[in-house]
Amino acid sequence: ASHDNSIPWYVVAGNHDHLGSVQAQLQYHGQSRRWNFPNLFYSTSHTVPLREEPAQEVTTTTTTTTDTATIDVIHIDTVVLAGQPSIWPHRTTTGPANATLA
């Protein structure tokens with residue numbers, strides 16, 4: 001199997017990450033071109049093809065993109081948003097530290 005090392009990763013922290021060092025993961029963002037984790041909350045936009053149809057056969061057959069769409073993705077850290085990781089059974093979620101910001 002071939003591996004494509006150029007595929008970007010868009011990372012968000014989860015409850016298990018908060019037991020370790022989320023800050024280290026955020027700092028790794030500047031060390032790797034594939035690791036995209038600039039902040040606990042961020043957004044990305046991606047252009048994707050809506051439809052592909054074969055080009056007319058002349059000498060070769062190729063695929064041409066006829067329509068595209070932009071997808072906006074909002075990456076959020078729900079652990080910070082909720083207040084506490086749910087993996088600690090003796091704790092309940094406290095809600096966000098700043099309800100207005102959340």
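## His 29 and its surroundings

The backbone nitrogen of Phe 37 lies 3.1 Å from a polar atom of the His 29 side chain, where a polar contact is a pair of N or O atoms within 3.5 Å, one of which, within protein, must be able to donate a hydrogen and the other to accept it, with residues adjacent in sequence counted only if both atoms are side-chain atoms. This is a predicted model, in which local features need pLDDT of at least 70 and side-chain atom pairs count only at pLDDT 80 or more, while totals for chains, interfaces and linings use all residues. Residues are numbered from 1 along each chain as its sequence is written, and side-chain values use heavy atoms, with hydrogens and water left out.

His 29 sits in the loop that joins helix H1 (22-28) to strand E2 (35-36); helices (H or I, at least four residues) and strands (E, at least two) are DSSP runs numbered from the N terminus. With a relative accessible area of 29%, His 29 is partly exposed, given that buried means under 20%, exposed over 50% and partly exposed in between, with a 1.4 Å probe and protein chains only. Beyond its neighbours within four places in sequence, His 29 is in contact (heavy atoms within 4.5 Å) with Trp 35, Asn 36, Phe 37 and Pro 38. The C-alpha atoms of His 29 and Val 11, 18 residues apart in sequence, are 9.4 Å apart in space.

## The chain as a whole

The protein chain holds 2 helices and 4 strands, which follow the order β-α-β-β-β-α from the N terminus. Of its 102 residues, 14% count as buried. Among the contacts with a separation of 6 or more, 49% come from residues 24 or more positions apart.

## Val 48 in strand E3

Val 48 belongs to strand E3 (residues 42-54) and is partly exposed, its relative accessible area being 26%. Leaving out neighbours within four places in sequence, Val 48 is in contact with Asp 67, Thr 68, Ala 69 and Ile 71. For Val 48 and Asp 67, which are 19 residues apart along the chain, the C-alpha atoms are separated by 8.6 Å.

## Ile 74 in strand E4

Ile 74 is located in strand E4 (residues 63-75), and its relative accessible area of 68% makes it exposed.
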